[in-house]
Each structure stands twice: as C-alpha cells, then as structure tokens.
Amino acid sequence: MAEWTDPASIYEKKMDYLLSLRRSEPPRSFPVIRPTPLSELKPVSKQGYLSIVIPFYNLGSYLLETLDSLMQLPSSLIKEIIVVDDGSTDGVSIAALRKAARTYPDTTIYRTPNQGLARARNFGASKATGTFLAFLDADDKVDPRYYPRAIKILQHYDNVSFVGCWAQYFGADQHIWPTWNPEPPYALFHNPLNTSALVYLRDHFLAYGQNDPDMEYGMEDYESLIRMLRHGCHGVAIPEPYFFYRVRPHSMSREFNQANQQYLYRLIVQKNRDLYVQYAEDLFFLFNANGPQYSVDNPTVPPPHMGFLHEKPST
C-alpha cells in the first residue's frame, strides 16, 4: 500500500497521462456513471444566445435586485430576459414590473392569469428564442460567471443537456449547499441539484423537461429533472457557489408539510415508474442506510437529529 500511494512511485505515470491529455483532443462525452440511451434525444444546435426566464408572482420587493444581478453578466454574453408575471395583484409588484420594463434592457414582460409556477415556467420557455435556456426565481440571484461557464459546458459535451452549480444561501441563512451531478439511483432518492436555476439546451427542456402542473404544491423542477434523466438527458453540477438562493419566511418550499410532500413523491414515482422500477434494489438500500429523503439534505429545513441506533437515554 505504501508503494502504491507513494507520490514518487506514480509520478512518471501520472505525468505521462497528463501529457497525453494535452496532446489529444479533449473528450466530448462527459463521464457519467450510469449512462442512459441517447437514441431518442433531439439533435440541437450548440450556437446561439441565452434566454433567461423569471417566473414572477407578488415578489416586487425582490425583482429589481434579481434583475440587477443579471446586469452584471459579461457584455459578451448575448441574452434576452423574459419575466412572466403570473397574475400579480399587489401594488408593490405592479410598480416593480413597470420600473423593470423602463429600466432593464433586453427585458420582455409577459402578463398571464394566475396559473401556477409550473405553467409560468413553461410559458416563458415557449416564448424563449435562445439556444440556451435558464430559469431564475424572482427572489434569487446569480454570479456573473455562472451562465458563461454553463454554456461552455453545454457546447463542449455531446451528452450534457443541463448544468447547475452549488448554491450560496443569503437572507435568513448563510450556508452553502454543495450540489452534485444528478446520477441515478441517488437522484431518484434525493434531489442533488439546484433545479430552480438550471441552464438547459432549450430544445431538450421543451421536449423532455417541461414542468408538470400536477405538481401543484412544489417539486415540479425536481420531477422535471427525473423525467429528463429518464429520456437520456444528463446533467452536471459546477462545484462553485454561483447561484444565490434567498432563504425567507413563507417561501414556497417552507410551506411543505409531511402530507403534501409525500403526495408529491408519490406523483414523481407514478410519472416515472419505469426508472424507479429499474433502480428499486438500489433505492431500497439507500432508504435503509439514510432514512427518509427529507432527512438527508434540505436547503430550507435543518436536518433532524438522528442520534445513534442504540443510544441510551440521558439520566
């Protein structure tokens, strides 16, 4: 073991390997662990600009801050910004929309009757004209490095359909959520990616990942990710906190309770049953090893104290 792990003993082999990588063309296929068939995926262009869709409902206190973060993107990044007002009713939000229309270039605002987050995202995607598509909630922000780097990844790898990154909380929490490449079976057990702020190949999202309005209490973006995996779309996570996730009271995810959460998980399994059946044995062991999904890593709820299996009661 000492010989195997001694840096001097592997230095030449390591350098030979690194030099061979420099001499050869970079691989065009990302090394996913559990590849799924790509035969049904639509061939798409990798050249074009970015469409950023912001679903909006009564979040006028935050919208301008979100748009300000998009104004920090590099000028070389050609973009369009689409705000979908899902029937906002309060005066602060209406005023923020009017100011946004006057102030921010390359921004188009659509107003629709209130129909929920899933339909608002899908409507914005249907209006997008860019090759690349990003979603951003109206109370969150992004680092200016996120979108250019995500687009480079999508352009380089032939088998990557969407890109995410780590999340930096702000507002009521300051922690970092380290996200992971969405690979089954783990991605079927727990959402490993910040699915509210991914960057997609637009055509692949429209074909395989549109949000399902049946997910009325939330998690529509997680179900979308699983459905894209089922259709052969792979995703990766950039290991940098380029996405700023606002933690605030009364957000959609904080309104979850055990009943509606279990209802949503049941829907996810029913809608993607063939993929869950394929990984049933792996999921069985994951549940036995880790407990329920919500105790693993929830970006809005502190994990419960699990304790030791045979912990003695305190005296």
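I started at T131, whose side chain reaches the backbone oxygen of Q47 at 2.7 Å. I count a polar contact as a pair of N or O atoms within 3.5 Å; within protein, one must be able to donate a hydrogen and the other to accept it, and residues adjacent in sequence count only if both atoms are side-chain atoms.

I note that this is a predicted model, where local features need pLDDT of at least 70 and side-chain atom pairs pLDDT 80 or more, while totals for chains, interfaces and linings use all residues. Residues are numbered from 1 along each chain as its sequence is written, and side-chain values use heavy atoms, with hydrogens and water left out.

**T131.** I placed T131 in the loop between α5 (117–127) and β4 (132–135). Helices (H or I, at least four residues) and strands (E, at least two) are DSSP runs, numbered from the N terminus. T131 has 18% relative accessibility and counts as buried; buried means under 20% relative accessible area, exposed over 50%, and partly exposed in between (1.4 Å probe, protein chains only). I then listed its contacts (heavy atoms within 4.5 Å). Leaving aside neighbours within four places in sequence, T131 touches S45, K46, Q47, G48, Y49, Y200, L201 and R202.

**Strand β4.** I looked up which way the side chains point. In a regular strand they alternate between the two faces of the sheet. From β4, F132 and A134 point one way and L133 and F135 the other, and all are buried. I checked the partners next; two strands pair if DSSP finds at least two bridges between them. β1 and β4 pair in the parallel sense over four bridges, and V53 stands opposite F135. β4 and β8 (residues 199–201) run antiparallel and are joined by three bridges, with A134 opposite V199.

**Rings.** I found 14 aromatic pairs in the structure. Rings of Phe, Tyr and Trp (its six-membered ring) pair if their centres lie within 6.5 Å; planes under 30 degrees apart count as stacked, over 60 as edge-to-face and the rest as tilted. Y217 and Y263 have ring centres 5.9 Å apart and planes at 75°, so I logged the pair as edge-to-face. Y217 lies in the loop between α8 (202–209) and α9 (220–230) and Y263 in helix α10 (residues 258–271), so the pair ties together parts 46 residues apart in sequence. Y217 is partly exposed at 39% relative accessibility, and Y263 is partly exposed at 36%. Elsewhere, ring pairs link F135, F162, Y200 and F205 into a cluster.

**Helix α3.** I listed the buried residues of α3 (residues 63–70) as L63, T66, L67, S69 and L70. Seen down the axis, they fall within an arc of 155°, so they line one face of the helix. The arc is that of the directions from the helix axis to the C-beta atoms. What covers them includes β1 (50–56), β2 (79–85), α4 (91–103), β5 (141–142) and α6 (146–156).

**Backbone.** I ended with the exceptions. Most residues other than glycine have a negative phi, and most peptide bonds are trans. A cis peptide bond joins P184 and P185, with omega about 10°; P185 is in the loop between β7 (176–177) and α7 (186–189). D106, not a glycine, has a positive phi of about 60°. D106 sits in the loop between α4 and β3 (107–111) and is partly exposed at 48%. M219 has a positive phi near 65°. M219 is in the loop between α8 and α9 and counts as buried at 11% relative accessibility.
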